[in-house]
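Open the model in your viewer and follow along. Each stop gives you something to select.

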Amino acid sequence: MAAARRPLLTATAAGTLLAALWFVPSANATDESAGAPGARSRQATAAEDTATGPRLADTGAGVDTTPYLIGGTAFLGIGAAFVTYSVRRADTLSA
């Protein structure tokens, strides 16, 4: 009976992941302040870009990436543990 539920569980997990990814914001590089008072015009910005080259996004000097590194390492470790567990379980069941 458990083997019959496995595809349903996999499909549910995949559907949940896709639903969660639906709400991840996209990173569109648009100028949202074009209509704001005192904002530079697009022509002035384009002229400056051709003179000085393309400008990269300003991420700030004090961005702390430590939580991202710790979280990424933790998820990588959990994934490796799941793979190791699955391989060992498959070897035990087939022997």
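Predicted model: local features only at pLDDT ≥ 70, side-chain atom pairs only at ≥ 80, totals over all residues.

Is Leu17 buried or exposed? Its relative accessibility is 52%, so Leu17 counts as exposed, the cut-off being over 50%. Next, select residues 2–22. That is helix H1, and Leu17 is part of it.

Zoom out to the whole protein. What does its secondary structure come to? There are 3 helices and 0 strands. Read from the N terminus, the order of elements is α-α-α.

Colour by pLDDT next. Select helix H2, residues 42–52: confidence is lowest here, with a mean of 57. Then jump to helix H3, residues 66–94, where confidence is highest, at 91. Across the protein, the mean pLDDT is 75, and 57% of the residues reach 70 or more.

Finish with the surface view. The protein exposes about 8,800 Å², and carbon and sulfur atoms supply 66% of that area. How many of the 95 residues count as buried? The share is 2%.

Definitions and conventions
Residues numbered from 1 in each chain as written. Heavy atoms only, no water. Helix = DSSP H or I, 4+ residues; strand = E, 2+ residues; numbered from the N terminus. Buried < 20%, exposed > 50% of the residue type's maximum accessible area, 1.4 Å probe, protein only. Areas by Shrake-Rupley, 256 points an atom, 1.4 Å probe, with all protein chains shown as cover. pLDDT = per-residue confidence, 0-100.
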